[in-house]
Amino acid sequence: MPPGGGGPMKDCEYSQISTHSSSPMESPHKKKKIAARRKWEVFPGRNKFFCNGRIMMARQTGVFYLTLVLILVTSGLFFAFDCPYLAVKITPAIPVVGGILFFFVMGTLLRTSFSDPGVLPRATPDEAADLERQIDITNGSSSGGYRPPPRTKEVIINGQTVKLKYCFTCKIFRPPRASHCSLCDNCVERFDHHCPWVGNCVGKRNYRFFYMFILSLSFLTVFIFAFVITHVILRSQQTGFLNALKDSPASVLEAVVCFFSVWSIVGLSGFHTYLISSNQTTNEDIKGSWSNKRGKENYNPYSYGNIFTNCCVALCGPISPSLIDRRGYIQPDTPQPAAPSNGMAAYGATQSQSDMAAATPLLQSEPSLTSDELHLPGKPGLGTPCTSLTLGQPTPPSSMPNLSTEAVLTDILPLKEEHMGHQFLTPEEAPSPPRMLAGSPLAHSRTMHVLGLASQDSLHEDSVRGLVKLSSV
């Protein structure tokens, strides 16, 4: 081989590396372009989101729309048919006061329905696994037989022992006063109850708005009912009772709706006034968790002992921020190196790995192997296809830091020319071309095939053993 033959080999090698290499040093990462998504789009709970995550509601909202229809229709009929007559006969302040109550009711209703009630974020897989390990260590599952790990913790709050229960859905220990809503499938902080009339859970972040809604709705219902009766009475004094009903049929509908709803609304307002004054939740009151008397064993550790203080904390305290960050962006995954496009294994990332792969003779499983079918594994062994070897003396590598002089053959032994059949190498004559495996299209036309398929049956067992010994070197 002429001295200038090293140039074509390097050009071929560089071309192969740039085309087929999957090493991080030789080919850049292929980053997948993923559109930015917000967290509400993949929220695990059963909730509905509107306005790009700004509005959060429960999935069952049918009763909420019924609440809206009842309030809007009843108030609309009152302002359209009763207020004009009452403003003239009594005072113009009636529609003004009615309008203020109406807007306050609608504002608190929408604020309760569209806000985050205090949903607790679920544990990530890493956090859940770490929590499971802590449970196992606390339970001592490594010694003795298997025992199911405990799923409760105990904390002391104002001298009262409070149990923290483990949520198997959210994979967290729920904080005090929190509970898992089966309808929304979320753990809610200071969970009160799930209210279908507002279409949302009632918890720490929207309880004050829920209370102001039912309280103002009670005043509005009583207000409308009282002045509707007043309207009918004034008209009946002029035209008679039956004629008054005929002249204002809308008043009859309003009176019926208000009569059947005022009892439940006023009763609900009174019940929640009692809960606020004692600093309890509906969930705690139904379960009978605490007693209002301080001297008993199960006294309420959350009560301040004063009605006024309890009301101020519930209605005037600061609103905690949302913990789920529903409008935040999901962080993209770390880009992974792209796989080879044609399924061929390229050279190693370092030069020494390439030299070591080239210095080991391999067995060939096919009678002829072209350069397009070349497979170059990082760790060669027996039974792996090998390319045809080019006669001549390739230019030795400039640096061989990881190979001994005995492992590198600087001269390639010429083959014995035969006119017919395949040519073979004995174990002693097997060449080890440095820098790269031969088989790339070079300027030389004389090539040989190592161990063709048709001649493998005639190969002696000693030759195979010799190849194994040579490859181990």
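Two strands pair if DSSP finds at least two bridges between them; strands (E, at least two residues) and helices (H or I, at least four) are DSSP runs, numbered from the N terminus. This is a predicted model, so local features need pLDDT of at least 70 and side-chain atom pairs count only at pLDDT 80 or more, while totals for chains, interfaces and linings use all residues. Residues are numbered from 1 along each chain as its sequence is written, and side-chain values use heavy atoms, with hydrogens and water left out.

Stop 1: Pick β3, β4 and β5: they form an open sheet of three strands in the order β3-β4-β5, with antiparallel pairing. β3 (152-157) and β5 (172-173) are the edge strands, each pairing on one side only. Now zoom in on β3 and β4 (residues 160-167), which pair in the antiparallel sense over six bridges. Click I156 and you'll find T161 of β4 standing opposite.

**Stop 2: the whole chain.** Zoom out and you have 11 helices and 11 strands.

**Stop 3: the largest nonpolar core.** A nonpolar core is a set of buried Ala, Val, Leu, Ile, Met, Phe, Trp, Tyr and Cys residues joined through side-chain atoms within 4.5 Å. Select I71, F78, L109 and F213, which touch the most other members of this 33-residue core. Elements giving two or more residues to the core are β2 (55-58), α2 (62-89), α3 (93-113), α5 (207-239) and α7 (249-278). α5 gives the most, with 10 residues. What does F213 touch, not counting residues up to four places away in sequence? The list is T67, I71, V105, T108, L109 and V198. Apart from this core lies another, of eight residues, including L120, A128, C167 and C187.

**Stop 4: out to the surface.** Which residues form a nonpolar patch here? Select V252, V256, F259, F260 and W263, with about 540 Å² of accessible area together. Areas come from the Shrake-Rupley method with a 1.4 Å probe; for residues, only the protein chains shown count as cover. Finish on F260, in helix α7: it counts as exposed because its relative accessibility is 62%.

Terms used
Buried means under 20% relative accessible area, exposed over 50%, partly exposed in between (1.4 Å probe, protein chains only). Contact means heavy atoms within 4.5 Å. Patches are made of residues with over 30% relative accessible area and no salt bridge: like charges are joined within 9 Å, nonpolar side chains (Val, Leu, Ile, Met, Phe, Trp, Tyr) within 5 Å. A salt bridge is a side-chain nitrogen of Lys or Arg within 4 Å of a carboxyl oxygen of Asp or Glu.
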